[in-house]
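Work through the exercises below with the sequence and the coordinates at hand. Each task is followed by a solution in steps.

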Amino acid sequence: MTASERAIKWSYMDHWRSNGPSGPVDQWHSHKTMSAFLKQIKATGFDAIDTFDFRIWQMYGDYGGPAKYQQVVQDHGLERIVNTFHAADYDLRNYAPHLPETHEFILEDFRVTMGRWSEIQLDNIIVMPATLYYDMEPVTEDKLKYTAECWNKVGEITAGYGVRLTCHHEFFSGIQSEADIDTFYSYTDPRYVSLFVDTAQHCIAGVDPVALYNRHAHRVSGFHFKDTRNVATGDDHRHRPDSEIMAPTTGKWFYEMGTPHGLVDFEAMMTAVRDNGYRGWISVEHDKANKQGGDYSESTAVSRWYAKNVLEEIYR
Amino acid sequence: MKDSLRWSYALNQWNVRLDVFVRHEDQQRALKTVSACGFDHVELASGTGRWDNISRPEVILLNHGSHSGFLDFLRRAEVHGVSSMFWDPQAPAEEEEGYAFRTTANPDDHDAIVEWSKPFVDFLAGVGAEQLVVRPVGSAWMTPPLGADGIKVIGDVWNRIGELTSAAGLGLALHYDCLGAVHTAGELTALLEATDPATVGLALDTAEFTVGGIDPVAYYREHADRVTHVHLKDTRYADTGEEYRMPGAESTMLKGGAGRRIERWFYELGTEGGLVDVPGFVAALRENEFGGWVVVESDHGGNPAELAMLNSWYLQHELGVPKR
Amino acid sequence: MSAIRWAYAINQWKPQFDDFVRREEHERALKTISIAGFEGVELTYGTGRWEPLGNPQQLAANFGSVAGFREFLRSCALDGVSSWYWDPAERSMEHLTGPLSPLAEADVPAIVDRARELATALAELGGSVLLVRPVPGAGDVEPLDDDAIGRVAACWDAVGRATAEHGVRLALHVDFLSALRRDHAPRLIDRTDPALVGLALDTGELTVGGIDPLAVIATHGDRIAHVQFKDALAVDDAQEYLQPHAHWTVRVRGGAREVPRWFAEPGANGGLVDFPAITRALLDAGYAGWIVVESDQSPHPAASALLAGYLVQQELGPMVHEQRKAAV
Amino acid sequence: MAWTKWSYMDHWVTETPQGPQPPSFNRASMDRYVKQLSALGFTGFDTFFFYLPVYAGMYGGVPGFERYLQDSGFDKITGIFSAYPSATRYTAPHVRETHDRIVADCTNTLRMCEGLTGVENFIVMPTSTYHQTEPVTDDTIKVVADLWNRVGKLTLEHGMKTTCHFEFWGAIRTREQIDTFLSYTDPELVHFFCDTAQHTIAGVDPIQLFRDYRDRCTGFHFKDTKNVDEHEAYRTPPDPELMAPQVTRWFYEMGEGGLVDFPALMKEIVRSGYDGWLTVEHDKAELGGGSYAEATAVAKWYIDNVLAEAEAEVRAELEAAR
């Protein structure tokens, strides 16, 4: 069966570390480390990669721009770059979607960003739709409405480039509870704002990712399939200054799918993907896999093994 | 791998020390990595003691109850069988008379070595493997030079074991390595001539040959009829012709303790500066319609999962082997 | 009378932005520094919430206050912070500012303010030296003419005056990519006020830059306000530092030769720096102050700290003691 | 005056181009290892019997290896650890027929140690795994005791004390079994070695044990644990040490919030007048992303900053009482 006949193709979200002579490096360290990364992604059977916005500087500096970098990706047998993740510095002073006075700054950021990417065709630009939780609380109806207005406008800009604006709800972001997510989507325009389901983040936030997906399936434009072993408790989601790495309860939130003791029900998730008739890309992510003795190469192999041997049996 | 050649992957690169690669979940992760890379058979390497529980036949059975229990364990990771197993009778093991030191070069040791081979033969037959891959002789630095008679003595014991493997439906493959007392192409050919072609074959390891100064492609073309097993790996260095004779060459040469102080010799396929003509060698295998197992390995080095994936990429993209 | 104190630099523990964020990791690193025989730790400036030790705001966010961090250091049996390294070209998420340049007169007030902030915290942490990157990399600016040198000198004089108010000395840290590398460092030093501005002698950076640290001690010994001991494993003899973005292409990637590692802890295999000779020269020049040992980056940070500790305990420390005894 | 006789038990793993390996990988990696231990202030070195041939090969004999250690600031090799963790047909302490072979092995080990400055302890695991030995009867313990009485006599002739290190997964593990074993062995020939973590995991209080066998105690492994064996892991084949289903890592360095009360033990040691070596051990420190270098540094930090204080307290008490 060729890739074009498959309903689902697999993309790899480019978190990665390997051990260099001076300590851990990422794949952007050199052309050699990039090549070794892409070879490994391809060897396990991924079809494409996702990346981060902030990598664009290295794409320009080291490869001559996104198109030329994508050519390197293709030279390793991968199809293309599917999505990019826009990791912004949220700050109440100038970049907070729930504060209308910062919106113009955010819109300008996207006008510039989309221009930078315009030489290749992306499917999605993924954002965290809110600031950190502790910077947004209390989360009120008004704040959700302002936030929705902001992303409606941003989505219009990205649509002009043929790219979908899609929201990824971190467990420590201002919009992470089931009720707030539902309210947020009720205020956003389906033409301009989509949902990107990260199985682990929802699970950590105590939201069932399968039910969430089923409820919003028509708005979903992609997935991060990753696992977790812990649900956030107490103030984990609003820990200052940081929840993602510094929460006292949990040293490592994220694991590759297929990990023992994982909380995400991927078989149910894949069944839902099938039953909702989704066709297209699923991204696999396991950020910070190298923490606590872990290893990116192995996590990548194990997660792709799981996709092939368990999930593709359900839907492919 | 979907190919006329049969590909397998060696697990030894994960088992780098005595107290690692012991927990079943660690082994499952390695097996899944191998499987995700497109390999569905593995080669095991023998060891000793309770922590070599995917290495030593008795210990494997203690862990999994039976041959089929072990195969079930492999199949959980979608690995469908064991191609082969490596054994060095010169390496002391607690199961072999409590770390007794014996060598094939000594005829007085032969009865014991034949006895020691039996758990391997039984185990490999039990799990449906095809080849017992053995180190035919100890290191050159530990042995006085072998004359023609010496080589014949070594051939004798392998002929005896070859009868056992044959009777169990297995092949016996002598694995040349770069430190062995059988070192030159001439000595190796003499050893092959001293063994029965019907029961004893050669395991050709591309990197070991290259380090030892034998061209693997040329040797294969000359002796294709005797080659029954292949280890495919690369190296960046060849011996100067002398280093293998340094005392403690396992460490002084292969771990860079002396000589040119090269701390790592063996590498994955496609490594920068690799000396093995891998495409040429694989082409020769295809021309001769090689029917045995081609086991990919990279020995100890960096990160095992990374090495497995880079090897897989090389097979798919440089050798054009479709994954499935 | 020599009063040399030994510290170790924290930067080697943070190879990537999401590493070395949790408290327990900091605790283990600081205990390792302490037990290896060092009294103090040198911090490196950083910004944002994954840089808990990067700036005074983050220290306060993580430890309640700067004093809270000092308590934490003491609980790890470290006396305090020796020094802080800051490159004004690093942005600040806390201040919402981008790169600042000592060449731009408009940036000088902000540079002075930021330095004052760091010096205030340093004083509270027991530190005595603020290290700065005095100018950008050679490949990233126009060649420095006399006028430019004058502007830079004025900037650092102003900064030195501000830090001195807190009892903190300013030390200019010339790295191997610096636009000052060729022969501008003496020109700049000569135009600054010796009472306000000193030189940081980094053995590794100088050696990679093809400059003999002993020669610097001979000509500018009286201006040395801070010392960093790290080893060099290669020399940039092809002048690759003149390329644009050399920080990335040369320092991180190793340039055309792909040097796997420029720097290591003192005494590493293949190291080019003669530490006993440099220690002797510093003692002879009457140097008093911190010697901060570092490896810059390391595949194995704890091992680097212990190996450096061995060298200091067995060889370099005793040289200092001898001198002290002889002086009494 | 703080305790000066700290030795390090030779578990260590270091990164090499061939992956994580023991420092005996080559001489350059040994240099780095020994310097690091010396920098921390260790002056004694304990090692395994199976490393002796390796070190002998690298340094022209075990005494040559000891001289190398001494050049780097060590006093001497303080202990040799010998063990038969798995029972085999050829070697099994609870099987009398194998005793001659074990005694012969010990003789070989002692021969390799000739010419050393003065190894104090010949440390042994008295038995193999529990699951291979059970049922553990009075007779079983008697057979084992006979073996170590023999070995004890032999090592004493070479100036070393045979001393028993009880694993939580060994056949002699409960307080009652240890009492029986020590009663069957000759106090002049067979001594007690206190591993704080192993006893704690087995549910035995190491401090009380030391108190009760002070006169026979010749050494310690200071290491910590976070778990008592509550699931009979000790008798679960094939291997309780690395393969217990409930506990993936048993051993930790001191100072990481484990179960052993080291300051209390240190006080007890000082009060008792014990003046031998204290040994730091932490096997499997690399599990979960740890590093041996860091674990060793943190453990020695704990000694110099926490145990030193406990020691000083008792010394002051003793001084005041005089």
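**Exercise 1. Burial of a strand residue**

Task: determine whether V127(A) is buried or exposed, and list what it touches away from its sequence neighbours.

Solution. V127(A) has 25 other C-beta atoms within 10 Å and is therefore buried (20 or more other C-beta atoms within 10 Å of its own means buried, 12 or fewer exposed, anything in between partly exposed, with C-beta atoms placed from the backbone). The residue belongs to strand β6 (residues 124-127) of chain A; strands are DSSP runs of E with at least two residues, helices are runs of H or I with at least four, and both are numbered from the N terminus. Outside the four places on either side in sequence, V127(A) is in contact with H86(A), L165(A), C167(A) and H168(A), where contact means C-beta atoms, placed from the backbone, within 7 Å.

The model is predicted; local features need pLDDT of at least 70 and side-chain atom pairs count only at pLDDT 80 or more, while totals for chains, interfaces and linings use all residues. Residues are numbered from 1 along each chain as its sequence is written, and chains are lettered from A and ligands numbered from 1 in the order in which they are written.

**Exercise 2. Dimensions of chain B**

Task: check the radius of gyration of chain B against the value for a compact globule.

Solution. The rule is 2.2 Å times the number of residues to the power 0.38, with the radius taken over C-alpha atoms. For 324 residues a compact globule would have a radius near 20 Å, and the 18 Å of chain B agrees. Along the principal axes, the C-alpha atoms of chain B fill a box of roughly 50 × 45 × 40 Å. The chain contains eleven helices and ten strands, and 56% of its 324 residues count as buried. Of the contacts in chain B between residues at least 6 apart in sequence, 81% join residues at least 24 apart.

**Exercise 3. Chain pairs**

Task: which of the five touching pairs of chains has the most contacts?

Solution. The pair is B and D. Chain B supplies 26 residues and chain D 23 residues. On the chain B side, helix α2 (residues 57-64) gives the most, with three residues. By class, this side has five nonpolar, eleven polar and ten charged residues (Ala, Val, Leu, Ile, Met, Phe, Trp, Tyr, Cys and Pro are nonpolar; Asp, Glu, Lys and Arg are charged; the others, Gly among them, are polar). Chains B and C share no contact, and their closest C-alpha atoms lie 13 Å apart.

Between chains C and D, 19 residues of chain C are in contact with 18 residues of chain D. On the chain C side, the largest share, eight residues, comes from α11(C). That side divides into nine nonpolar, eight polar and two charged residues.

**Exercise 4. Helix packing**

Task: what is the relative orientation of α1(A) and α11(B), and of α10(C) and α11(C)?

Solution. Axes are lines fitted to C-alpha atoms, for helices over the stretch in contact, and angles run from 0 to 180 degrees between N-to-C directions. Under 35 degrees counts as roughly parallel, over 145 as roughly antiparallel, 65 to 115 as roughly perpendicular, and the rest as oblique.

1. The axes of α1 (residues 31-43) of chain A and α11 (residues 304-317) of chain B come within 8 Å and cross at roughly 75 degrees. These two helices are therefore roughly perpendicular. Residues that meet here include K39(A) and A43(A) in α1(A), and M309(B) and W313(B) in α11(B).
2. For α10 (residues 275-284) and α11 (residues 301-327) of chain C, the angle is about 25 degrees and the axes are 10 Å apart. The pair is therefore roughly parallel. Seven nonpolar, two polar and two charged residues form this contact of α10(C) with α11(C).

**Exercise 5. Backbone geometry in chain D**

Task: where do E232(D) and K284(D) lie, and is each buried or exposed?

Solution. Phi of E232(D) is near 55 degrees, positive in a residue other than glycine. E232(D) sits in the loop between β10 (224-225) and α10 (240-243) of chain D, and is exposed, with 10 other C-beta atoms within 10 Å. K284(D), also not a glycine, has a positive phi of about 65 degrees. K284(D) lies in the loop between β12 (278-280) and α12 (292-321) of chain D, and is buried, with 20 other C-beta atoms within 10 Å. The peptide bond from E134(D) to P135(D) is cis, with omega near 5 degrees.

Notes
Contact = placed C-beta atoms within 7 Å.
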